[in-house]
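Here is a short report on one protein. Take a look at the sequence and the structure first.

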Amino acid sequence: MNSNEKVCRAYFEEIEVVVTKEGERQRVLKWRCKCGNIRMKGNGWSNLFDHIKAMHPKYREELHIDSPATDGNKNIETFLTHVSLKARNIHSWMQWVVNKNKPLTFVEEPDTRTFSNLEPICRKTLSSYMEQVINGAYFYACQNST
Ligand SMILES: [Zn+2]
C-alpha cells in the first residue's frame, strides 16, 4: 500500500450509493470522507488525495506522519509525496524495471501499457533518467567517501 492510499483510507470509506440512471436503479461505489464529502475514485488515489490536500491540509499531523526531514529519509514513500507526479512516474518505471529485472523495451510493450496505470514512457527516456540516477549516486558517493 503506498502512502497516498494509506492517507486516503484513513479519511475515506467506501460506500455503495444507489443512483437512478436512465430510469434504472444502479448501485455505484463511491468514497465518503470523514467530513461528509463524497467522491468517485479513479484508477489511483489522486482524486481522493486531492480532496485531502485541499480540505484537510493538516493530514500529516492528524495521522502522525513524520516529515522526510525528521525521519532521515528512511521512508521513500513519505519522501515521494513531496515530489512531482512526473518524477514519481519515472521512479515507478525504474523501480518496476530494476526490481523485476525487465529489459528496457518492457516499458514500450503493448501489454505493459495496457495493464499499467503509469504514464507511458519510452525506453530512451527511461534509460536517460537511469543514467542520471547512476551519475547522481556516483557523485554522492565520491563526495561522501573519505
Ligand atoms: Zn474531507
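## Confidence

This is a predicted model: local features need pLDDT of at least 70, side-chain atom pairs count only at pLDDT 80 or more, and totals for chains, interfaces and linings use all residues. Residues are numbered from 1 along each chain as its sequence is written.

The score pLDDT is the predictor's confidence in each residue, from 0 to 100. The protein averages 85, and 86% of the residues score at least 70. Among the elements, helix H2 (residues 46-55) has the highest mean pLDDT, 94. Helix H4 (residues 76-80) has the lowest, 55.

## Layout

The protein has seven helices and three strands. Both are DSSP runs, numbered from the N terminus: helices are H or I with at least four residues, strands are E with at least two. From the N terminus on, the order is α-β-β-β-α-α-α-α-α-α.

Of the 146 residues, 10% are buried. A residue is buried if 20 or more other C-beta atoms lie within 10 Å of its own, exposed if 12 or fewer, and partly exposed in between; the C-beta atoms are placed from the backbone.

## The sheet

Three strands form an open sheet in the order S1-S2-S3, with antiparallel pairing. S1 and strand S3 (38-39) stand at the edges with a single partner strand each, so one side of each has no neighbour in the sheet. Two strands pair if DSSP finds at least two bridges between them.

S1 and S2 pair over ten bridges. In one of them, Phe12 has Cys33 in S2 as its bridge partner.

## Helix H1

Helix H1 (residues 3-11) has the buried residues Val7, Cys8 and Tyr11. Seen down the axis of H1, they fall within an arc of 95°, so they line one face of the helix. The arc is that of the directions from the helix axis to the C-beta atoms.

The buried residues of H1 pack against strand S1 (12-21), strand S2 (24-33), H2 and helix H3 (59-62). Contact here has a cut-off: the C-beta atoms of two residues, placed from the backbone, lie within 7 Å.

## Helix H2

In H2, the buried residues are Leu48, Phe49 and Ile52. They cover an arc of only 95° around the axis, which puts them on the same side of H2. The face turned away from this buried side carries the exposed residues Asp50, Ala54 and Met55.

What do the buried residues of H2 pack against? Their partners are H1, S1, S2, S3 and H3.
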